[in-house]
Amino acid sequence: MLRLLLCLLLLTPLSPSRAQTVGLVLGGGGARGGAEVGVLKALEEAGVRPDYIVGTSIGAIVGGLYAAGYSAAELEQMFCQQEWLSLLTDRRSDLSGEPLKQEGGTTYIFGFPVIDTTNPQFGVLSGARVEQLLDSMLSAKGCSHFSNLPTPFRCVAAEMLQAKEVVLSSGSVAKSIRASMAIPGIFKPVRLNGQQLVDGGMMNNLPVDVARTMGADIIIAVDLQQSAMQNRTQTENIITSFADLIGLGGIANWVFNRPDITKYNANRRSADVYIQPLMSDYDASSFGNENMRHMIAIGYQAAKRHEQQLRQMLPAI
């Protein structure tokens, strides 16, 4: 009987161990998002292809397009050739020579829209041109909806009035990305599913936890913050208690509680491969073709410093 059992064990094929899945998390940081394109170049060279992608704000733009099938080289070309100032500000080139012009309820200064009486929302810029560009690029890949994306993708926004995190996973990818990058006070909120959505960085600027929820075993996180955010002080705790007492609501609670800092610190520690391109000479508004080329190079070099760690992952994935 024992010999029979041994024979059966030897003849029974061992089930292969499950390959570990990789989640790529791309943080927010405005123009510094060019560095994330450089990271993608290094990942491709190392043979790492993520199974899941999550992004916030500019990370949602990079991540959404990469999830749709655009290569790092294609994104590099797009980022370096794009006229970012006009794209982000909805500038009208036909009015660029006009110091002041009013048309259809909108006031323009040298082509830049500054007042829109037809859509009086909290924020100056509509972000329409960004959404149109994303929609055209995604549609060109046959990926206008989340269900069509070759790589599962999520992006993070925040509900403005309640100051709560919203993870977007269905519907229009372009509109969801537009919501994720709607910096309060600059871009108008996006009305989606009955909610007023703004930049996801308000709540979760490095959404490692979202990638874990999707099922990723190994997380590669690209953090565009240039210094670690600190936890709130005792004084802020006292002010928060006062705000709760007089009922200032979700926005005030966010200002005083800063839940984004708590989550950011936890997510930063949770990443398996943490890449932080150092760009002290650039800020969130440093758009421009030459700046983009430099930041892409910085991101590439930052990821290359983790090359051995990335290649060690390959047998597991």
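Modeller: With the elements: helices (H or I, at least four residues) and strands (E, at least two) are DSSP runs, numbered from the N terminus. D223 sits in the loop between β10 (218–222) and α9 (234–246). Residues are numbered from 1 along each chain as its sequence is written. This is a predicted model, where local features need pLDDT of at least 70 and side-chain atom pairs pLDDT 80 or more, while totals for chains, interfaces and linings use all residues, and side-chain values use heavy atoms, leaving out hydrogens and water.

Colleague: Is D223 buried or exposed?

Modeller: Buried means under 20% relative accessible area, exposed over 50%, partly exposed in between (1.4 Å probe, protein chains only). D223 is buried.

Colleague: And how do I look for a charge partner?

Modeller: Lys and Arg count as positive, Asp and Glu as negative; His and the chain ends are not counted. A salt bridge needs a side-chain nitrogen of Lys or Arg within 4 Å of a carboxyl oxygen of Asp or Glu. D223 has none: R268, the nearest side chain of opposite charge, is 4.9 Å away.

Colleague: Which side chain does D223 make a polar contact with?

Modeller: A polar contact is a pair of N or O atoms within 3.5 Å; within protein, one must be able to donate a hydrogen and the other to accept it, and residues adjacent in sequence count only if both atoms are side-chain atoms. For the D223 side chain, the partner is the side chain of Y264, at 2.5 Å.

Colleague: What else is D223 in contact with?

Modeller: Contact means heavy atoms within 4.5 Å. Beyond four places in sequence, the list includes L206, R268, Y274 and P277.
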